[in-house]
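Hi there,

Here is the structure I promised to pass on. My notes on the helix packing and a few other spots follow below it.

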Amino acid sequence: MKKISMRARVLTGGATLVALGAGAFGAVSANAATPAAAPAAAVAKADVKNKNTTQSTHLTIEAATKAAQATLKAAEKENQRVSVAVVDRNGNTLVTLRGDGAGPQSYESAVKKAYTAVSWNAPTSELAKRLTNAPTLKDIPGTLFLAGGAPVTAKGAPIAGIGVAGAPSGDLDEKFAQAGVASLG
């Protein structure tokens, strides 16, 4: 094994530190000097012309929260103890609210009803009727084919789902979910 002199080690180590520092400084400088809007605008213009991509609409967290609160308020007006879930187009949970006194099973059921509604772009009461002709639909993971879920749409396409669970009937759950959809205009 070849020995390296102390001077060579110091110079190599110093050069390494200078290179790392310059790289870090360059990355920070590039990020600070480049406005975020410029690349985003360029991408947006490119995507409009690209026939291989599509744009989609998503519910904001503020809108999801507003819908969940309106849903819970509708249930509270009728003295119902429910849980509410709002999921995005991909079935990811955006907001969940567990009302005072809601049963422990209601939380998970609300999420599954919301997921089911957005997946098929239909109220879950309608989807439950489809089980007669396609009973294996209920075997799809994460779904729940009971009334209480409603899709949120924009231009006819599903962008979110609202699920409610805990009322004595699925019809009431779905009524409350529809109140959340209606709150979005």
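The buried residues of helix H6 (170-182) are covered by elements that include H3, H4, H5, E3 and E4, where contact means heavy atoms within 4.5 Å. Those buried residues are Leu-172, Asp-173, Glu-174, Phe-176, Ala-177 and Gly-180; buried means under 20% relative accessible area, exposed over 50% and partly exposed in between, with a 1.4 Å probe and protein chains only. Helices (H or I, at least four residues) and strands (E, at least two) are DSSP runs, numbered from the N terminus.

Before you go further: this is a predicted model, in which local features need pLDDT of at least 70 and side-chain atom pairs count only at pLDDT 80 or more, while totals for chains, interfaces and linings use all residues. Residues are numbered from 1 along each chain as its sequence is written, and side-chain values use heavy atoms, with hydrogens and water left out.

Back to H6: its 13 residues reach 18 Å from first C-alpha to last, close to the 18 Å expected at 1.5 Å a residue (the expected span is 1.5 Å times one less than the number of residues).

How do H3 and H6 pack? Helix H3 (61-77) meets H6 at an angle of about 140 degrees, with the axes 7 Å apart. That makes H3 oblique to H6: angles under 35 degrees count as roughly parallel, over 145 as roughly antiparallel, 65 to 115 as roughly perpendicular and the rest as oblique. Axes are lines fitted to C-alpha atoms, for helices over the stretch in contact, and angles run from 0 to 180 degrees between N-to-C directions. H3 contributes Ala-67, Ala-70, Thr-71, Ala-74 and Ala-75 to the contact, and H6 contributes Phe-176, Ala-177, Ala-179 and Gly-180.

After H4 comes Asn-121, with a positive phi near 50 degrees.

At 10% relative accessibility, Val-95 counts as buried. Leaving out residues up to four places away in sequence, Val-95 touches Ile-61, Ala-64, Thr-65, Ala-68, Val-84, Ala-85 and Val-86. Val-84 is 11 residues from Val-95 in sequence and 8.0 Å away in space, C-alpha to C-alpha.

Best wishes
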